[in-house]
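Here's a quick walk through the model, one topic at a time. Keep the structure open and follow along.

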Amino acid sequence: MSADLQNRPPLSGISRRRFIAGTGFISGAVMLGGHHAPAHAAPQREAAVIEPGARVPVLVIGTGYGGSVAALRLAQAGVDVHMVDMGMAWDTPGPDGKVFANTTSPDHRSFWLRTRTKQPLSNFLGFPLDKNVPRYTGILDAEEMGGITVYQGRGVGGGSLVNGGMAVTPRRENFGGVLPSVDPDEMYDVYYPRANAELGVGTIDPAWFETAACYQYARVGRRHAQRSGFPFVFVPDVYDWEYMKQEAAGTVPKSALAGEILYGNNHGKKSLQQTYLARARATGKVTISPLHHVTSVTPASSGGYTVTIEQLGTGGAVTATKTVTAARVFFAAGSVGTSKLLVRLKAQGALPGLNGEIGKGWGENGNVMCGRANHLWDPTGALQSSIPTAGIDNWAAGGAFAEVAPLPTGIETYASFYLSITKNPHRAEFTWNAASGKVELNWQTAWKQPSITMAKSIFDRINAKEGTIYRTDLFGFHKIWGDHLTYHPLGGVVLDKATDNHGRLHGHAGLYVVDGSLIPGNASVNPFVTITALAERNVEEIIATDL
Ligand code: FAE
């Protein structure tokens with residue numbers, strides 16, 4: 001960390017303006033959680049980073065869900081695994097004594113190499129919310145890809161560091177549309193249960209839900225949904241529900257009830273750091289190099305693959321370039337990260353054997369957000385847990401699964417807020433632009449219209465029944481729909497097309513894809529349980545057959 005950042009005063013008191021400004025991210029999505037042990041008590045780890053010239057049996061690019069599953073299962077099979085991630089380790093407290101910044105007060109830790117925040121919810125009550133921050137290898141990347149901003153986690157733990165922990169298994173009847181080439185029996189009998197158990201998925205105590213002040217917003221959401229005849233469901237999560245009860249009782253440091261989520265939870269949430277990655281590290285066979293960015297993978301003359309890695313400083317500058325040789329490489333850089341790498345490496349001739357499916361089949365899981373303005377006699381609560389716990393399942397009738405999301409501003413807003421996952425049929429493609437030297441994505445903002453139509457099938461009806469209206473102040477001026485973003489990038493290296501039916505890339509033996517890029521654009525619900533379960537399935541087969 002640079003000296004100027006170290007010398008900044010601790011972040012303390014939160015002004016009303018900053019508090020409101022901090023709520024942007026929450027919306028829609030969001031929540032992250034911490035763990036029982038205070039994160040600021042975590043010991044600083046001595047990073048054993050990968051050495052230049054190293055020859056390793058397995059290199060895993062990325063430490064999100066797919067990468068963490070691969071690392072744990074390979075290590076348990078006796079293989080030494082080296083993981084690299086372009087983001088930071090997130091195991092060391094910042095100047096305020098906390099590892100993660102609060103959503104109400106974004107700082108240098110909050111965004112990946114930006115000088116101004118780009119919060120998903122950009123406005124509130126007429127105020128623009130974004131603010132200047134020092135450029136830093138922060139935790140949330142708002143990557144602008146043509147017609148869409150793709151939010152992604154950066155660091156050891158990938159998206160699990162920043163997400164809402166909503167851990168949803170798709171309804172079995174929808175699975176054929178999610179992963180058509182995969183046998184549902186093996187997923188629902190073996191791999192979904194395994195993923196749910198390893199991730200520590202749980203559901204809120206229904207009795208506590210009925211009385212907890214922090215879920216008044218969700219109970220209002222339920223009442224409105226049910227009065228309009230929509231099915232209302234609880235949404236499982238990896239947040240520690242017992243910890244949240246203690247937060248409410250005031251006996252432990254607050255995280256979900258302090259609005260933490262989008263830039264990390266200092267307590268309560270079981271991210272991959274506490275689950276798969278902890279178990280992988282405990283094998284003694286896994287090393288992780290943070291701030292290591294892979295730029296090339298190409299066949300080595302001696303066998304295996306030559307991997308070029310840039311080591312980054314926290315200002316984003318390259319401090320060293322390393323080449324290592326790996327017998328096998330697992331791509332787990334996320335849908336956008338893996339797709340961008342493979343599209344470029346194919347176009348530049350580094351991996352000439354890849355097939356024509358590379359870069360295709362990308363979708364945004366039909367994400368669209370909106371808010372509703374309730375009546376003054378229908379408050380949603382000044383205290384709102386940042387962890388959503390309930391939603392409206394209208395997938396079968398209208399193609400939308402709408403989660404009731406918090407708006408934890410600390411003040412009464414009389415607003416209901418929703419992130420909808422919809423059955424948007426549009427798929428985009430990544431291509432290499434040699435002139436600009438960049439991989440581009442041809443997503444069009446107008447392609448969100450089917451998602452808006454599907455979400456409207458719920459909220460127009462609720463508004464008519466309740467005599468309420470949409471909020472128009474959350475995404476700009478007089479703009480109802482948050483249609484400019486996604487939290488759920490999926491596809492780009494689709495299973496059974498760009499790879500075989502277990503993630504082996506065509507054309508280059510020993511290269512595998514294990515992340516969200518395998519899923520063709522839509523999971524019908526929040527995606528990380530499916531990404532995890534699919535990785536469990538594929539890595540089991542790869543270990544049994546290839547190693
Ligand atoms: P991911 O977790 O993104 O990990 C990829 C890793 O690779 C990252 O750590 C990158 O830093 C790293 N990387 C990328 N490129 C390179 C490179 N070239 N070299 C080295 N490292 C690289 O991939 N999903 C849910 O199911 N429930 C939720 O409640 C939920 N809420 C969300 C809220 C937010 C704000 C966001 C951003 C996402 C949310 N998601 C949620 C989505 C979920 O986090 C995402 O689908 C998974 O994290 C994707 O997992 P992957 O393993 O594909």
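## A salt bridge within one helix

Let's start with Glu-242 and Lys-245, which form a salt bridge with their closest N and O atoms 3.6 Å apart. Both sit in helix α8 (residues 241-249), and being 3 residues apart there, they are separated by about one helical turn. How open are the two partners? Glu-242 has a relative accessible area of 47%, so it is partly exposed. Lys-245 comes out at 24% relative accessibility, and that makes it partly exposed as well. One thing to keep in mind throughout: this is a predicted model.

## Salt bridges across the chain

How many salt bridges does the structure hold? The count is 29. Take the one in which the side chains of Glu-198 and Arg-279 meet, at 2.7 Å from N to O. Glu-198 belongs to helix α5 (residues 184-199) and Arg-279 to helix α9 (residues 276-282), so this pair ties together parts that are 81 residues apart in sequence. Arg-279 is partly exposed, with 33% relative accessible area.

Arg-227 and Glu-466 make another salt bridge, and here the closest N and O atoms are 2.8 Å apart.

## A buried glutamate without a salt bridge

Now over to Glu-403, in strand β14 (residues 400-405). Glu-403 is buried, yet it has no salt bridge. Which side chain of opposite charge is nearest to Glu-403, and how far away is it? That would be Arg-171, 12 Å away. A salt bridge needs the nitrogen and the carboxyl oxygen within 4 Å.

What Glu-403 does have is a polar contact: its side chain and that of Asn-526 are joined at 3.2 Å. Setting aside residues up to four places away in sequence, Glu-403 touches a group of residues including Met-166, Val-168, Val-235, Phe-417, Tyr-418, Leu-419 and Ile-421. Ala-390, Gly-391 and Asn-526 are also among the residues Glu-403 touches.

## Around the ligand

Which residues come nearest to the ligand? Of the 35 residues around it, those are Asp-85, Gly-159, Met-166, Gly-516 and Phe-528. Met-166 also turns up among the contacts of Glu-403.

Several backbone atoms are worth a look too. Met-86 has a backbone N or O atom 3.1 Å from a nitrogen atom of the ligand. A polar backbone atom of Gly-164 is 3.2 Å from a nitrogen atom of the ligand. For Pro-527, a polar backbone atom lies 3.2 Å from an oxygen atom of the ligand.

## His-82 and its surroundings

His-82 is part of strand β2 (residues 81-84). What does the side chain of His-82 make a polar contact with? The partner is the side chain of Thr-287, at 2.9 Å. Beyond its neighbours within four places in sequence, His-82 is in contact with Ile-50, Val-56, Val-58, Leu-59, Val-60 and Thr-287.

His-82 also pairs up well with Ser-289 if you want a sequence-versus-space check: the two are 207 residues apart in sequence, and their C-alpha atoms are 7.7 Å apart.

## Cysteines and positive phi angles

How many disulfides does the structure hold? The number is 0. As for individual cysteines, Cys-214 counts as buried at 1% relative accessibility, and Cys-370 counts as buried at 1% too.

Last stop, the backbone. Leu-113 has a phi near 50°, a positive value in a residue other than glycine. Leu-113 is placed in the loop between β2 and β3 (123-124). Asp-496 likewise has a positive phi without being glycine, near 70°. The loop that holds Asp-496 runs between β19 (485-486) and β20 (511-513), and Asp-496 is partly exposed, with a relative accessible area of 43%.

Methods: Residues numbered from 1 in each chain as written. Predicted model: local features only at pLDDT ≥ 70, side-chain atom pairs only at ≥ 80, totals over all residues. Heavy atoms only, no water. Helix = DSSP H or I, 4+ residues; strand = E, 2+ residues; numbered from the N terminus. Buried < 20%, exposed > 50% of the residue type's maximum accessible area, 1.4 Å probe, protein only. Lys, Arg positive; Asp, Glu negative; His and termini not counted. Polar contact = N/O pair within 3.5 Å; in protein donor to acceptor, adjacent residues only side chain to side chain. Contact = heavy atoms within 4.5 Å. Disulfide = S-S within 2.5 Å. Near = heavy atom within 4 Å.
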